[in-house]
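Biologist: Please show me the model. I would like to go through the labels and hear what each one rests on.

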Amino acid sequence: MGEALIAAAAALAAGGAIYVAAAARVIKQYERGVVFRLGRLLGTPRPPGFTMVVPVVDRIRKVNMQIVTMPVPAQEGITRDNVTVRVDAVVYFKVVDPAGAVVQVEDYRFAVSQMAQTSLRSIIGKSDLDDLLSNREKLNQGLELMIDSPAVEWGVTIDRVEIKDVSLPDTMKRSMARQAEADRERRARIINADAELQASRKLAEAAQQMAEAPSALQLRLLQTVMAVAAEKNSTLVLPIPVELLRFLERGPSERDTTPTPRPRPAPTTPAEDPPGSATQAELPDSPGSTPPAELPDRSAGPSELTDPPGSAGPAELPDSPGSAAPPELPDPPGSAAALAPHRTPDAPPVAPHFPPVTPDNHSPTE
């Protein structure tokens with residue numbers, strides 16, 4: 001009898017140990033236990049620590065409450081400006097409602113992954129290439145809202161979403177590289193032009209100062225010579241001031257362009273008539289005629305006309321130095337008209353020549 005009782009107690013103890021072993025559960029700190037009794041959700045999730053469930057009747061499912069890092073596979077799409085790109089991202093999420101994550105969705109990890117892929121493709125189609133490359137913060141926020149909206153019902157919250165990489169075609173990379181080079185070249189030229197402008201202004205101010213003090217130019221020249229000679233060169237180049245070259249060029253040009261003054265002839269004096277010669281022939285007065293008025297003695301011009309036969313002309317005058325007398329033109333026989341005297345620009349004024357008084361011509365005419 002006693003042995004039977006001992007055997008029963010041992011069996012009961014063994015059964016209790018088996019039951020405890022089957023019903024005991026240990027939940028970790030980062031987990032929560034969702035208990036289903038005969039298929040129904042039982043109360044609130046079990047907290048971390050040691051807990052007991054009814055074997056065969058209760059089933060417990062542990063849910064990880066840590067932040068899960070899930071990479072989103074690279075998605076290829078066309079941007080709004082018709083550029084084909086491949087974009088991959090990373091999603092950070094965690095479960096805030098263990099019962100909802102187990103009851104509302106079959107596999108919340110797979111659901112979040114598919115939702116992240118579709119949202120990423122949608123973001124690619126709505127964005128420009130420049131936004132994908134430079135404005136990623138805004139795109140990350142938009143992608144997070146698109147994934148978080150349906151995930152809230154699943155008991156999952158999206159902590160953050162990051163676009164990891166944007167892959168571009170090789171042709172697009174070369175085009176962007178050329179654009180960047182052109183932009184940098186433009187900025188470099190603008191900077192160089194600005195530097196040249198500032199340098200020209202400073203040089204103009206320095207030139208004005210040197211113009212006010214000419215010795216400053218000589219000092220500057222000596223400084224340049226010292227700077228060149230300090231390098232121990234065998235050849236020394238001395239710059240010549242531009243003002244000196246201009247002065248040398250101005251000298252010969254002024255001498256070539258200045259007209260030489262023409263020699264002016266010395267004033268001539270009326271030639272003295274030789275003794276025994278008459279300037280004008282004296283003719284006897286005819287009866288009943290009045291004697292002609294005496295004409296003043298005027299200097300003869302450079303040209304002399306031949307008088308008619310039988311009349312005495314005025315005495316020839318020597319030509320002034322440097323002046324050439326025109327050739328004498330003989331008058332036709334019987335004509336008493338005198339030709340206009342020929343003058344040179346530098347010759348003295350010529351007095352008109354009057355024909356002598358003859359018996360046929362009683363009054364002098366010009």
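Biologist: What makes the pair Arg160 and Glu162 a salt bridge?

Modeller: This is a predicted model, so the distance is a computed one. The side chains of Arg160 and Glu162 meet at 2.6 Å, N to O. The cut-off is within 4 Å for a side-chain nitrogen of Lys or Arg and a carboxyl oxygen of Asp or Glu, so the label applies.

Biologist: Why is Arg160 called partly exposed?

Modeller: Its relative accessibility is 42%. Buried means under 20% and exposed means over 50%, so a value in between is called partly exposed. Glu162, at 25%, counts as partly exposed on the basis of that scale.

Biologist: How many salt bridges does a search of the whole structure find?

Modeller: Seven. Another one joins the side chains of Asp128 and Arg80, at 3.1 Å, N to O. This pair links distant parts of the chain, 48 residues apart. Asp128 is in the loop between helix H3 (108-126) and helix H4 (129-134), and Arg80 is in the loop between E6 and E7.

Biologist: Are Asp128 and Arg80 exposed or partly exposed?

Modeller: Asp128 has a relative accessible area of 23% and is therefore partly exposed. Arg80 has 53% and is therefore exposed, because the limit for that word is over 50%.

Biologist: What separates Arg187 and Asp183 in helix H6?

Modeller: About one helical turn, because they are four residues apart in H6 (residues 170-212). Arg187 is partly exposed at 39%, and Asp183 is partly exposed at 30%.

Biologist: Why is Thr51 called buried?

Modeller: Its relative accessible area is 10%, and the label is given under 20%. Thr51 lies in strand E4. Beyond four places in sequence, the contacts of Thr51 include Ala23, Ile27 and Ile60. Arg46 is also in contact with Thr51, and a polar contact of 2.6 Å joins these two side chains.

Biologist: Which residues form the nonpolar patch on the surface?

Modeller: Tyr19, Val20, Val26, Phe50 and Met52, with about 490 Å² of accessible area together. Helix H1 (2-23) and strand E4 (49-52) each give two or more residues to the patch. Tyr19 has its place in H1. At 44% relative accessibility, Tyr19 counts as partly exposed; patch residues need over 30%, so Tyr19 passes that condition.

Biologist: How do you know that E2 and E5 pair?

Modeller: Seven bridges join strand E2 (residues 31-37) to E5. The open sheet has the order E3-E2-E5 with antiparallel pairing.

Biologist: What makes E3 and E5 edge strands?

Modeller: Strand E3 (40-41) and strand E5 (58-64) each pair on one side only.

Biologist: What do E6 and E7 form?

Modeller: A hairpin with five residues between the strands; Asn82 in the turn has a positive phi of about 60°. Strand E6 (residues 68-78) and strand E7 (residues 84-95) run antiparallel and are joined by nine bridges. In E7, Thr84 is the bridge partner of Ile78. E7 is also joined to strand E8 (residues 156-167) by ten bridges, again antiparallel, and Lys94 has Thr157 in E8 as its bridge partner.

Note on methods:
Residues are numbered from 1 along each chain as its sequence is written. This is a predicted model: local features need pLDDT of at least 70, side-chain atom pairs count only at pLDDT 80 or more; totals for chains, interfaces and linings use all residues. Side-chain values use heavy atoms; hydrogens and water are left out. Patches are made of residues with over 30% relative accessible area and no salt bridge: like charges are joined within 9 Å, nonpolar side chains (Val, Leu, Ile, Met, Phe, Trp, Tyr) within 5 Å. Accessible areas come from the Shrake-Rupley method with a 1.4 Å probe; for residues, only the protein chains shown count as cover. Buried means under 20% relative accessible area, exposed over 50%, partly exposed in between (1.4 Å probe, protein chains only). Two strands pair if DSSP finds at least two bridges between them. A polar contact is a pair of N or O atoms within 3.5 Å; within protein, one must be able to donate a hydrogen and the other to accept it, and residues adjacent in sequence count only if both atoms are side-chain atoms. Contact means heavy atoms within 4.5 Å.
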